[in-house]
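This briefing covers a predicted model.

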Amino acid sequence: MAERSSAHQQSAPAASSIDGKLAANKRKEQIKRAIRGYLFILPALLFYVMFELWPIIQTVWYSFYNWNGIDASTWVGFGNYIRVFTDSELFSSIGHAFYLIIFFSIIPVGLGLIIAALIKDVKSQMGKGFAQVCLFLPRVIPGAAAAVAWTWMLADNGTVNQMLKAVHLGGFAHTWLGDQSTALNAVGVIGCWLQLGFCIVLLLSGIGAIDQSLYEAASLDGAGWWRQLFAITIPGLRGQISVCFTMTIVAALASFDVVFMSTQGGPGTSTMVPGVQVYRLAFQQSRVGLASALAVVLMVMVLLVVGPLQRLIEGKKEA
Amino acid sequence: MKKPLSVRAAGNIVLVVMILFSILPFFSMFSAAIQPQGSMPEGIQFTAHPHWENFVDAWNMANILPLLKSSTILVLVVVPTVVFCSALGGYALAQLRIPGRGIIYAIFLIGLTIPFETLVTPLYYEMDGLGLLNTRWALILPLIGLNLSFGIVWMRSHFEQMPRDLMEAASIDGAGDFRTFIHIQLPLSLPALSSLAILTFLSTWNQFLLAVVLINDPLKRTMAGALQSFVGTYQTDVVLLNAGALLIMAPTMILFIVLQRYFIRAMLAGSVKG
């Protein structure tokens, strides 16, 4: 849109420029304008290039070297990448990140859809407003604080076990984060708590924009609640659903705060994720090259997931 | 149009359950935080004699006051810089017809989804090289750079929607680009600017990874980053740990509740555009 309109505006004066001198003046004016334009963007570009773009390039660069951060580095080609995909500990951390997508992404979006569709008919505006604030709280506090809260919830004598005992399921009580077999799922529950409320509110805001007469027509045709969910609500929310998926999948793949504060990747390596692994390799074991290779793999994973989803959103906008 | 009773009832029940689920962890922390110090609290329990003084002790032990000051300094430098640079840059990309604006925009887009873990190692050595490691600048400068990719995308899309005539009318009046920008465009952009400020505030205040890596001294970190050292020190004392963690969370929660309308609007719009 913008491209077309600006091209149109430029061609009009170009056609009328008969007088050479006038054209030269015009050109000078244009260059001046362009320089002024660049001055506007310069501060942002400087900060951005120095502290985001350059570090990205550097990470890629580091990833081809063996370097302990102090001494001279040696070129190892793709050695670090081969290591990432063959070392069972490193590779399993990538597996964990994908596993967490179930909890960070699939459950919150799926459950969020059902819950949002149920809540949309609640009449009480005050109730809805209060709910919105509560549902947003997990997203407002730092992820690290959420991890502290849930470490206590899931502790031996924490609230989760207390509730299990209250309904006579004490036999299922667990040291959720301290047991190899449950730790990753427990971390997943924290992630689910972080994402669910926000997904619900975002989906609700989309439902508000769906034409209500569609629902009325569907009920007249005898379509039940589930039928309406799949035939009207979900197609109408395609944009919001892709946004939810994008955000939550990125949060799952690049998780750091929650895992670092709740389990540090343990017990053993049962909850190790690429984010925490990068930190450990780079800053505790001084294997900067290997850490960088893993970081690049992580970045590529995120881009591979976000790219197609983003296309879905764009497609929606044009339709 | 009446909905079946069962659906309406289910809606209300689900709403209540979701509210409880969202605030349960806070409630559980609070319950533990008011138990006697040194005791071993059990889940959520009723206390006839809440020990409010725990919060005073945790306030001192977690160094809340210096932390508040430190986080506020970070926010006061990062947020205005990001908002101003984004507004300038977004305006240039949307309204001033500079050559190569498509490429510049694409460069900023790249940064939108890059995980911070990818950048933190080179940033560490970059800050070390600049001699800024363990100073507040080590956090301020990267946070400005990292928030700008969203800021630029956000402000550009805002200025794209502004009518061109406005600028042309102003330039006929003889106002320069910069004056048009300051006196006409900025005042009309307050909603977009305030949303950007809120989002930048949240991402700065809650920043954890960069704070932990780039600044050793917890008192110079963000509130979130300081949590790490606090938890490390008081891991075994459940009561004080929860009291302190609640205090560390409190400022954002209070600000959110006071400005909830603006926060919710900004976060919803921000996620859709980002």
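How far apart do the end C-alpha atoms of residues 288-309 of chain A lie, and how much of the span is helix? The end C-alpha atoms are 32 Å apart, and residues 288-309 of chain A are 100% helix and 0% strand. The model is predicted, with an ipTM of 0.89 and a pTM of 0.88.

**Confidence**
- Chain B has a mean pLDDT of 87.
- In chain B, 94% of the residues reach a pLDDT of 70 or more.

**Annotated spans of chain A**
- An unreviewed UniProt entry lists "transmembrane region" for residues 37-57, 97-118, 130-153, 183-204, 241-262 and 288-309 of chain A.

**Helix H5 of chain A**
- Helix H5 of chain A runs over residues 125-140 and has 16 residues.
- From first to last C-alpha, H5 of chain A reaches 22 Å, close to the 22 Å expected at 1.5 Å a residue.
- The buried residues of H5(A) include A:Ala131, A:Val133 and A:Leu135.
- The run from A:Phe136 through A:Leu137, A:Pro138 and A:Arg139 to A:Val140 is buried as well.

**Annotated spans of chain B**
- For chain B, the UniProt annotation "transmembrane region", again from an unreviewed entry, covers residues 12-34, 73-94, 103-125, 137-155, 188-215 and 239-259.
- Residues 12-34 of chain B are 96% helix and 0% strand, and their end C-alpha atoms lie 32 Å apart.
- Residues 239-259 of chain B are 95% helix and 0% strand, and 30 Å separate their end C-alpha atoms.

**Domains of chain A**
- Chain A is split into domain 1, residues 15-62, and domain 2, residues 83-318.
- The C-alpha centres of domain 1 and domain 2 of chain A are 41 Å apart.

**Domains of chain B**
- In chain B, domain 1 covers residues 5-52 and domain 2 covers residues 58-273.
- The C-alpha centres of domain 1 and domain 2 of chain B are separated by 32 Å.
- Contacts between the two domains of chain B involve nine residues of domain 1 and seven residues of domain 2.
- On the side of domain 1 of chain B that touches domain 2 of chain B, six residues are nonpolar, three are polar and none is charged.

How values were computed: Residues are numbered from 1 along each chain as its sequence is written. Chains are lettered from A and ligands numbered from 1 in the order in which they are written. This is a predicted model: local features need pLDDT of at least 70, side-chain atom pairs count only at pLDDT 80 or more; totals for chains, interfaces and linings use all residues. UniProt positions are given in the numbering used here, feature names are shortened, and annotations may be inferred rather than shown by experiment. Helices (H or I, at least four residues) and strands (E, at least two) are DSSP runs, numbered from the N terminus. The expected span of a helix is 1.5 Å times one less than its number of residues. A residue is buried if 20 or more other C-beta atoms lie within 10 Å of its own, exposed if 12 or fewer, and partly exposed in between; C-beta atoms are placed from the backbone. Domain bounds come from an automatic or database domain assignment. pLDDT is the predictor's confidence in each residue, from 0 to 100. Ala, Val, Leu, Ile, Met, Phe, Trp, Tyr, Cys and Pro count as nonpolar, Asp, Glu, Lys and Arg as charged, and the others, Gly among them, as polar.
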